[in-house]
Amino acid sequence: DQLNFAGGWPPNSRPNSVVEDYAAALSENSGGALTMKVFPQSLLSFGEANAGLRDGMADLAVTLTPYFPTEFPNMNMVSEFAELTELPEFSGELSSAAFAGAISEYVMTQCTECKSEAAAQNQVFMGASMTTSYVLQCVVPINSPEELKGKRIRTAGAYWSRWAESVGAVPVSISVSETFEALNQGVLDCTASNTADFMNFSFIDAVKYVYAGLPGGQFTVPTMMNKDRWDGLSAEGKSALMKANAKMAADMTWVYVDIGRNGKTEALERGLEYGPAADSLLEMNRSFIENDITSVAAIYDERFGLKNGAEVSTALRASLGRWTALIADVDSAEALAEVYWNEIYSKIDVNNYGM
Amino acid sequence: MSEVAIGLTGLGFLMFLIALRVPIGISLIGVSFVGLWSLMGPQVAWGALGVIPYQFSANWILSSIPMFLFLGFISYHTHLTRGMFNAARVWMSAVPGGLAIAAIFGSAGFAAVSGSSLACSAAMGRIAIPEMIKHKYHPELATGTVAVAGTIGALIPPSIILILYGVIAQVSIAKLFLGGISAGLLTAIGYVIVVFVRVKLNPALAPERDEQVSFADKVLALKDTWPIFLVMIGIFGGLFGGIFTPTEAGAVGAFLACLVALVSGELTFDRFMKAARETIMTTASLLVIAIGASLLTRFLALSGAGDYLSAGIMSLATSPTLLLVGIILVYLVMGMFLEPIGAMLLTLPIILPVVDSAGWSLLWFGIVLTKLLEIGMITPPIGMNVFVIKGVVGDLVKTSAIFRGVLWFIVMDLIVVAILSAFPALVLKLPELLN
Amino acid sequence: MLLVGKFLSGLTRIASLIGTFCIGLMMLHVTADVIGRYLFNAPLTGTIVIVGHYYMIIVVFMALGVAEEKGAHISVEFLTDMMPKSVQGWLSVFSGVLTVAVFALLAISGYFEAMKKTKYGASIEQGSDMITIWQSYWAIPIGAALMALIAAYKIVVALTGSQNGLHETLEDAEIINE
Ligand code: NA
Ligand code: NA
């Protein structure tokens, strides 16, 4: 049996090769009984992935749930708490690996609402990776909260827009493919983007200053599967896929971390200013996050009637502490995959999961 | 039937329907729907038809297409472009074939506010051809020059073809625009040389005008070019001065053109509505094809026919030069029969992987492709630019005579393609300045 | 039959008006966003979403029928031009039938997709706000149905030879003759 994976990344990109490895792992785990064909960008774009999976155009894809706020309110609220990773007790180069573990575990083992809203889209959650943290990448220096005022900053989603509004900057919505030119020509002062997109979209060629720790936040990259296809797999097939899912979540998260690392090295070599933001800014940011956690709960209650925002953030905070410790010594994608497998994916009862 | 066979059969049917004059977009959508159904079942076919047309059209970057079209139509209907040809005419009065050369310069100027070569030919045709006929220019030279000069419109930015290419190939549209400038200017220079050489060889083609133009008159003629220059400066100044993005440039440019036309008293409600109606019709007829091609891409991907054909091309072409020559020939032949945007959208799913694995710059390829597609606009039997000119001159000149007038320029076009292929730096230098 | 044609023609005129209105709005909206951002540091939130999900969708799908009425959809004619007139007539009927079928399919699939989006009240995040977009999904079934109706009417007129109530003059021809 062959599964189709519709990827949204360009054919020769590193994220796409992670998907190719995922396909290879599935075939190996299943002894060749299950294979996977990868369609990079030729089958479904990120914007089409949700409906495409629902109708069975592809069997697996990455559904970027923030693109579909009304369809995935629970999943999106949980994802918003990625902002926690910028708090001092969790922050660090591998915070995305910790949060990917925390969110995958939470969704797969606890969040029934998340699973039922995915089922309503005829999908089953296969685990999530995270991008690296979002950092401010600017063409002008920003050394204090005052200097943020009035700066035009590209924001990729609600968290960053709330942040920009609260610090007195001007949130600008611009498609990611136009951001490079907008920075270059001065339409924008900064972009709030993750440290991997700093390289993927060549922002390194346009900006002069990179401020880590500001504004924070990460993007969740969940793999979803068409529910009919999942239901139709044998128990062995499901186990083989679950094992591959752990690898996919780890590899993808790791590739972002690695691209981010390379970006920092290259930026420093080229003489860009790349380091932690000024203390006054970091302090401001942390107090913003502490307030925002309450705001997120209130926003999702108001918009979608979700009452459990406070509970969820408390649970994730506790779990994130555990995950930060779990991955503290991880030094490779393989090691990360092993942690994910042992802690989450191996514990899923594939016969009941998604049913 | 194997999946690849279903894909190839679908492509065969597609060609058959197009040949039977079924509109290209409808053929594409119909074949893709039936193809997806037979490959993946009804749910996928219905799903694709429900999702892709919306998702494809709801695209911010594509929104620059109607805006650039509107900019061109408004500029034409409010006569913003007329002064440019007049100025070129006065300045070229002493040069043999001066009116034809002025038409080329006029087209290059209009190209900077128009996204399509058709609009460029249509506009310049109505302004320049009557003037040339009045001065006893040979009709073949007069009509041929304007038909080919229109193709500069798709090379010099803005360009609808380059926008669509950029969206599909994921190449920066600003860089494509910059790359198009050199190709457009090179084309314009080439055409001027052709006119010059032809008139030198046979002065009867373009009789000398006994026009004595004083320097004062020349300066005076520049006065009427201000509206179009104002719009051009607004667009390019704003684009590179950090005020707006290439996508926004269409809307701001159209707004500027309306403003300038309003100030110069040329903007009426009727003209505005006429330009807007032409814009929506052109947008719809382009987007239907693009939506169909987008559906076809999924069908080709799922059937494996796309990969099969790309791999076939790669295995046939044993050297990069052979591959390039092959691609050029394919597009020249296709350009004879097909409408260029349709031809591009039909072939990109197969050609882009080939270009990618050959290691060529997608930016450079976009410019060469546009140049090749534009040659298709002037080659028989289907030469859209020629037909537009035919529409302008009516019974005065036969279609075959216009095609004869175009022939000389096609030779120059092939030289330009060769130069662009041999020296990719010509295309890539300007965009590199962006970094 | 003539009345049906005039009725359809009236519908396309409304569709055309809505489309031209969106062109004007798109131009003004984007310009206002640019001016607001550049001069006043106050961009209009949601411009990208509204332009993509409203103006573009409405322009494209409302103008389908207009383009069909004026025969502006692009086709390749050189092969059929060499055929006898009677064959050409049958080919345009064939092409008309396909047009009706394809756009009826599009109208139906668009209808079901619009129903799903309406059920969820589909929205898109823009800045810290949400913009509802489910309404614009309805432009597809409406526009595609109008196009299918006009194509069907053209077949009937061609087959029965009854008087045509559509305005088939191409705008291009008007420009050329002005
Ligand atoms: Na142009
Ligand atoms: Na041709």
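Is Ser114(B) buried or exposed? In this predicted model, Ser114(B) is buried, with a relative accessible area of 1%.

The sodium ion (ligand 1) is coordinated through the O atoms of Ala111(B), Ser114(B), Gly153(B), Ile156(B) and Pro158(B), at 2.2 to 2.4 Å. Along the sequence, these donor residues follow the spacing A-x2-S-x38-G-x2-I-x1-P. Ala111(B), another of the donors, has a relative accessible area of 0% and is therefore buried as well.

Attention now turns to a residue in a helix of chain B. Leu295(B) belongs to helix 15, which spans residues 269–303 of that chain. With a relative accessible area of 3%, Leu295(B) counts as buried. Once neighbours within four places in sequence are set aside, the contacts of Leu295(B) are with Ile29(B), Ser32(B), Ala48(B), Leu49(B) and Ile52(B). A further view of this region comes from Ala45(B): 250 residues separate it from Leu295(B) in sequence, yet the two C-alpha atoms are 9.8 Å apart in space.

Over all chains, a search of the whole structure finds 24 aromatic pairs. One of them joins Phe201(A) and Phe203(A), whose ring centres are 6.1 Å apart and whose planes meet at 25°, so this pair is stacked. The two partners can be told apart by their accessibility: Phe201(A) is partly exposed, at 31% relative accessible area, whereas Phe203(A) is buried, at 0%.

In chain B, the rings of Trp91(B) and Phe215(B) have centres 6.2 Å apart and planes at 80°, so the pair is edge-to-face. Trp91(B) sits in helix 5 (residues 82–91) and Phe215(B) in helix 12 (residues 215–222), so the pair ties together parts of chain B that are 124 residues apart in sequence. As for accessibility, Trp91(B) is partly exposed, with a relative accessible area of 35%, while Phe215(B) is exposed, at 58%. The latter value counts as exposed because the cut-off for that class is over 50%.

Chain A also holds a grouping of several rings. Tyr134(A), Tyr159(A), Trp160(A), Phe219(A) and Phe288(A) together form one aromatic cluster.

How values were computed
Residues are numbered from 1 along each chain as its sequence is written. Chains are lettered from A and ligands numbered from 1 in the order in which they are written. This is a predicted model: local features need pLDDT of at least 70, side-chain atom pairs count only at pLDDT 80 or more; totals for chains, interfaces and linings use all residues. Side-chain values use heavy atoms; hydrogens and water are left out. Donors are N, O and S atoms within 2.8 Å of the metal (3.2 Å for Na, K and Ca); water is not among the atoms, so sites may look incomplete. Buried means under 20% relative accessible area, exposed over 50%, partly exposed in between (1.4 Å probe, protein chains only). Helices (H or I, at least four residues) and strands (E, at least two) are DSSP runs, numbered from the N terminus. Contact means heavy atoms within 4.5 Å. Rings of Phe, Tyr and Trp (its six-membered ring) pair if their centres lie within 6.5 Å; planes under 30 degrees apart count as stacked, over 60 as edge-to-face and the rest as tilted.
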